[in-house]
Amino acid sequence: MTELATALEQPQFATERDPRLRLIIPIIVAIAFLMEQLDSTIITTAIPAIAHSLDITPVRLNLAITTYILTLAVFIPVSGWFADRFGARRVFALALFTFTLGSALCGMANSFGMLLAMRALQGLGGAMMTPVGRLILLRSFPRSGLITAMTYMTLPAIMGPVIGPLLGGLLTTYASWRWIFYVNVPFGCLGILAALRFVDDFHEDEVQRFDFAGFLMVGFGVALLQFGLENVGRPIIPVSATVLVLAASVLLLLAFGRYARRVAAPAVDLTLFRFRSFWVGTLAGGLCRVGLNGVPFLVPLMLQLGFGMSPVASGSLTFVGSFGALLMRPLLSPLLRRFGFSVVLIGSAVVGSATVAGFALMGPDTPHWMIGVYVFLFGIVRSAQFMTSNTLSYADLPADKLSRATSLGGVLQQLSVSLGVSIAAMLLGLIAGETHVLTPQRFHQVFLLTAVIPLISIPGFLYLRAEDGVQVSGHVRGTRKHS
């Protein structure tokens, strides 16, 4: 038998060559995603303890959160190029090592400056870890298995922000705040060994030269945008300087848009937005997620500062949202087959908006069981939106676009998290004013305002056509058509 015939008989996807990998590879990637998503939120309940230990004010520790998220958003565009150049397995394992090392050093931090520097190191590892992990999933499963693969990838992103406050409260109360970082170490080591053993080393034979100038424009643009939004609600610099920062971020991103048209391989491939399913899933879906991503930040604060609950009690209630996410996972494929992407996305946006607004009806006297049931329902709706938009984003892309798509999709996903938290915090700061007193009524106002955001995404979902994502969903009728 010739080498050509052997190659033709060899299954293209790793999960077809070895059925065990249908479970093993998603678990490996899920470990990385869960660590990264947990780390974005687990620190929130430990802020008072960390502040006391490092002798700084709790307000300043907001930088420990934003430094991490900013580093993620800035360096994610590099990940696709590195995976193509050096191989997905090597880059993924190195990213896990960097993240794990950063976690251990965060736990050992003896000063505020060291904590910020190590959070940035964590963010660098996370920036490579999540998009390359997504790429590994996409290249390990055939299109027919894409919903399953994307569901495994999305679940940690949904569960992490919910589990984080509970785990952070438990570790801070019964061990030490340093354990919120140390807990990543055994999982990171396990992920590194498993990745080196089971993951194929995907890479491109010819890789374009890295677009350093474009990377700087996008990186500084995103960083300035995040920093500017942070200053609206919690000013560190004067108002005039905040306006200049926001204007500079917009100008940098617009300049990159013009620059990218003249470069063969820009740092962020804007031609991906020519694929309707990609831009609807990432932009319209991302806008909807901005409104939903503020809730995991607002609810623990409202329960603790507004209702007077302990970190453990508040975390126990928000934790049940992860069960809603688990319930939605097996239901997604039947829903998409029955109704299609457009109906599920629009429905979850409308119901999600109503559910966010419903938090404004809660007060200190609301029974705990009722809060838990409501958070559970919100978890179902939020996961439906997240899983559907993420699956749609990659449903129709050709294989040669996947590495760049995972990079850009990763940037937009992180921005939806950071902007969701920043906008919620900004609104909370503006409504609280100079008094900084966070009453239940002020939280209610913020929930009602953020509930508007998912509704703004609906016009984008209406652009979907009947054929968009059909090879993934299996749905052939009922999607609105546009000429």
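Which residues does Phe181 touch, not counting residues up to four places away in sequence? The first legend answers this; every view shows a predicted model.

**View 1. Phe181 and its contacts.** Phe181 is found in helix 9 (residues 179-182). Not counting residues up to four places away in sequence, Phe181 touches Asp39, Ile43, Ser103, Cys106, Gly107, Leu115, Arg119 and Gln122. The relative accessibility of Phe181 is 0%. Buried means under 20%, so Phe181 counts as buried. Cys106 is one of the contacts. Phe181 and Cys106 are 75 residues apart along the chain, yet their C-alpha atoms are separated by 6.4 Å.

**View 2. Leu115 and its contacts.** Leu115 is also a contact of Phe181. With residues up to four places away in sequence left out, Leu115 touches Ile50, Leu54, Leu61, Ala64, Cys106, Ala109 and Phe181.

**View 3. The largest nonpolar core.** This core has 124 residues. Ile50, Leu61, Phe92, Leu115, Ile136 and Phe447 touch the most other members. Helix 18 (residues 402-432) supplies the largest share, 13 residues. Where does the core lie relative to domain 1 and domain 2? Domain 1 (14-210) and domain 2 (268-473) both give residues to the core, so it lies between them.

**View 4. Phe210 and Phe215, an aromatic pair.** The structure holds 13 aromatic pairs. In one of them, Phe210 and Phe215 sit 5.9 Å apart, centre to centre. Their planes make an angle of 50°, and the pair is tilted. Phe215 has 11%, so it is buried. The cut-off for buried is under 20%. Phe210 and Phe215 also belong to one aromatic cluster with Phe75 and Phe212.

**View 5. Phe278 and Tyr394, an edge-to-face pair.** The ring centres of Phe278 and Tyr394 are 6.4 Å apart, with 70° between the planes. This pair links distant parts of the chain. Phe278 is in helix 13 (residues 276-293), and Tyr394 is in helix 17 (residues 368-395). The two residues are 116 residues apart. Both Phe278 and Tyr394 are buried.

**View 6. Arg289 over the ring of Phe386.** Arg289 lies over the face of Phe386. The distance from the ring centre is 5.8 Å.

Definitions and conventions. Residues numbered from 1 in each chain as written. Predicted model: local features only at pLDDT ≥ 70, side-chain atom pairs only at ≥ 80, totals over all residues. Heavy atoms only, no water. Core = buried A, V, L, I, M, F, W, Y, C linked by side-chain atoms within 4.5 Å. Buried < 20%, exposed > 50% of the residue type's maximum accessible area, 1.4 Å probe, protein only. Helix = DSSP H or I, 4+ residues; strand = E, 2+ residues; numbered from the N terminus. Domains from an automatic or database assignment. Contact = heavy atoms within 4.5 Å. Phe/Tyr/Trp six-rings, centres within 6.5 Å; stacked < 30°, edge-to-face > 60°. Lys NZ or Arg CZ within 6 Å of the ring centre and 35° of its normal.
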